[in-house]
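Let's take a tour of a protein model, one part at a time. Keep the structure open beside you as you read.

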Amino acid sequence: MANQEEDSKLKLYSYWRSSCSFRVRIALNLKGLKYEYIAVNLLKGEQSRPELLQLNPVGFVPVLVDAHVVLSDSFAIIMYLEDKYPQHPLLPRDIHKRAINFQAASIVSSTIQPLQNLSLLNYIGEKVSPDEKLPWAQSAIRRGFTALEKLLKDHKGKYATGDEVFLADIFLAPQLHAAFNRFNIQMNEFPILSRLHETYYEIPAFREALPENQPDAVH
């Protein structure tokens with residue numbers, strides 16, 4: 001029985017500062033799911049090891065392993081968790097609110113995060129100038145945050161789309177944390193997002209998923 005439980009335990013390949021991994025950690029925590037944390041050091045290139053590339057040929061984290069199921073995109077992982085584990089729904093029933101959640105998540109995952117990705121910033125530093133890395137990231141973040149402020153203006157409650165934590169919050173929290181702590185964004189430019197940023201620290205599932213609280217964190 002113990003071996004069966006060990007085999008069935010969720011495994012998350014994660015890097016402490018990865019915002020994509022951060023999203024999945026929040027979702028797992030909200031649903032009360034236990035998992036084994038497997039650290040992948042992106043700075044040391046561990047994501048390019050053969051055993052990791054076999055799980056995710058793209059060479060990114062996170063990767064979730066659930067028995068024989070292997071998933072390697074944060075959006076896909078979170079939707080899988082939503083479908084398999086119904087406790088604490090991550091999407092509202094109202095179709096309009098669902099759409100707003102998908103839109104907010106897409107702005108973060110498609111419009112902001114890829115443009116502040118470590119590999120892209122390293123490329124800019126190498127091909128253009130190291131001094132251009134931060135301004136580039138800040139520009140992408142501000143553009144996305146401006147869009148998010150407008151999107152959430154008529155839908156916000158205690159959280160991004162009302163008084164319950166949903167998908168939008170799961171994507172926003174890591175992005176806001178990175179903007180504030182890594183990219184020196186002046187959050188007073190974005191009052192809605194600034195308030196949400198503070199509110200997320202009140203939620204245990206979010207606090208436990210913070211980068212600095214992970215076993216591979218470097219302080």
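## Ground rules

A residue counts as buried when its relative accessible area is under 20%, as exposed when that area is over 50%, and as partly exposed in between (1.4 Å probe, protein chains only). Helices (H or I, at least four residues) and strands (E, at least two) are DSSP runs, numbered from the N terminus.

This is a predicted model, where local features need pLDDT of at least 70 and side-chain atom pairs count only at pLDDT 80 or more, while totals for chains, interfaces and linings use all residues. Residues are numbered from 1 along each chain as its sequence is written, and side-chain values use heavy atoms, with hydrogens and water left out.

## Helix α2, an enclosed helix

Let's begin with α2. Twelve of its twelve residues are buried, so the rest of the structure largely encloses this helix. Among them are Phe22, Arg23, Arg25 and Asn29. What do the buried residues of α2 pack against? Their partners are β1 (10–14), β2 (35–39), α4 (74–84), α5 (95–112), α8 and α10, where contact means heavy atoms within 4.5 Å.

How about the length of α2? After α2 comes Gly32, whose phi is positive, near 70°.

Leu28 sits in helix α2. Its relative accessible area is 0%, so Leu28 is buried. Leaving out residues up to four places away in sequence, Leu28 touches Leu10, Leu12, Leu33, Tyr35 and Leu81. Ile124 is 96 residues away from Leu28 along the chain, and their C-alpha atoms are separated by 34 Å.

Now find Gln175, in helix α8. Is Gln175 buried or exposed? Gln175 is buried, because its relative accessible area is 1%. With residues up to four places away in sequence again not counted, Gln175 touches Val108, Ile112, Gln113, Gln116, Ile141 and Phe145.

## The cavity

On a 1 Å grid over the protein atoms alone, a cavity is a set of points where a 1.4 Å probe fits but cannot get out; a pocket is an open set with protein on both sides within 12 Å along at least five of seven lines, and lining residues have an atom within 4 Å of a point. A volume is the space filled by probe spheres set on the points, which are joined across faces, edges and corners.

There is one cavity of 30 Å³ or more. The largest cavity has a volume of about 80 Å³, and its lining includes Phe22, His177, Tyr200 and Arg207. Two or more lining residues come from each of α8 (167–181), α9 (191–200) and α10 (204–209).

How much space lies in the largest pocket? The figure is about 830 Å³. Of its 32 lining residues, Ser18, Leu42, Gln113, Asn117 and Leu118 are the closest to the centre. Helices α2, α4, α5 and α6 (118–127) each supply at least two lining residues, and the largest share, four residues, comes from α6.

## From the record

An unreviewed UniProt entry carries the annotation "domain: GST C-terminal" for residues 94–219. Over residues 94–219 the chain is 63% helix and 0% strand, with the end C-alpha atoms 42 Å apart.

Key: UniProt positions are given in the numbering used here, feature names are shortened, and annotations may be inferred rather than shown by experiment.
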